[in-house]
Amino acid sequence: MLSKNDQMHLVLTLLGITAFLGICQGRTDCYGSVNRIDTTGASCKTAKPEGLNYCGVPASRKIAERDLASMNRYKVLIKKVGEALCIEPAVIAGIISRESHAGKILKNGWGDNGNGFGLMQVDRRYHKPEGTWNGETHIRQGTKILINMIKTIQNKFPRWTRDQQLKGGISAYNAGTGNVRSYERMDIGTTHDDYGNDVVARAKYFKQQGY
């Protein structure tokens with residue numbers, strides 16, 4: 001039978017392990033943070049179809065604000081996936097806003113002329129879509145695709161900071177890692193030439209909303 005001192009030591013050890021696991025499981029900063037990334041926001045090509053007569057970060061924030069009510073339906077799932085894969089939920093939300101306006105523009109879960117599936121618009125020409133279009137399995141698949149992009153950018157540009165590599169991965173989610181040739185021009189060749197910058201600006205807004 002353990003002595004009182006041994007029992008106390010065991011309890012403290014278990015509490016320490018539990019606390020450690022909690023910290024590890026709750027981390028979302030393995031790939032950098034959007035708050036440290038510079039961004040020019042949405043291009044006028046992205047802002048104009050949204051009915052906005054201005055561009056840049058204010059346009060990105062306005063579009064994200066319009067998507068917030070729909071995004072909040074998936075907030076718990078987005079945060080769960082972000083914490084499980086150690087990436088900021090705000091980044092996932094930023095991509096979901098850009099890809100599908102949090103599902104508002106999809107038809108039966110599909111977009112991009114029937115090629116893009118779900119909130120994160122997983123392209124069925126390159127991936128086998130998993131789960132329901134708005135479920136955890138889908139969000140996890142889309143986020144894993146993003147993380148693979150980030151890791152490829154890390155290998156391609158090892159001297160970039162983690163935050164720069166995160167932005168490069170976000171840009172690559174749209175146009176592929178081969179399109180990312182330099183930090184300053186990474187978005188040239190993405191849809192409307194602003195994908196990474198727009199998503200980062202939207203992500204910063206969602207981070208302020210608790211994502």
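C44 and C55 form a disulfide with an S to S distance of 1.8 Å, a disulfide being a pair of cysteine sulfur atoms within 2.5 Å. The pair links distant parts of the chain, eleven residues apart, with C44 in helix α2 and C55 in the loop between α2 and α3 (56–71). Helices are DSSP runs of H or I with at least four residues, numbered from the N terminus.

This is a predicted model, in which local features need pLDDT of at least 70, side-chain atom pairs count only at pLDDT 80 or more, and totals for chains, interfaces and linings use all residues. Residues are numbered from 1 along each chain as its sequence is written, and side-chain values use heavy atoms, with hydrogens and water left out.

| Disulfide | S to S | S-S torsion |
|---|---|---|
| C30–C86 | 2.0 Å | about 75° |
| C44–C55 | 1.8 Å | about 100° |

C86 is buried at 10% relative accessibility, whereas C30 is partly exposed at 28%; buried means under 20% relative accessible area, exposed over 50% and partly exposed in between (1.4 Å probe, protein chains only).

In helix α7 (residues 162–175), ten of the 14 residues are buried, and they pack against α5 (89–100), α6 (136–156) and α8 (195–208). Just after α7, G176 adopts a positive phi of about 90°.

Notes. Helices (H or I, at least four residues) and strands (E, at least two) are DSSP runs, numbered from the N terminus. Contact means heavy atoms within 4.5 Å.
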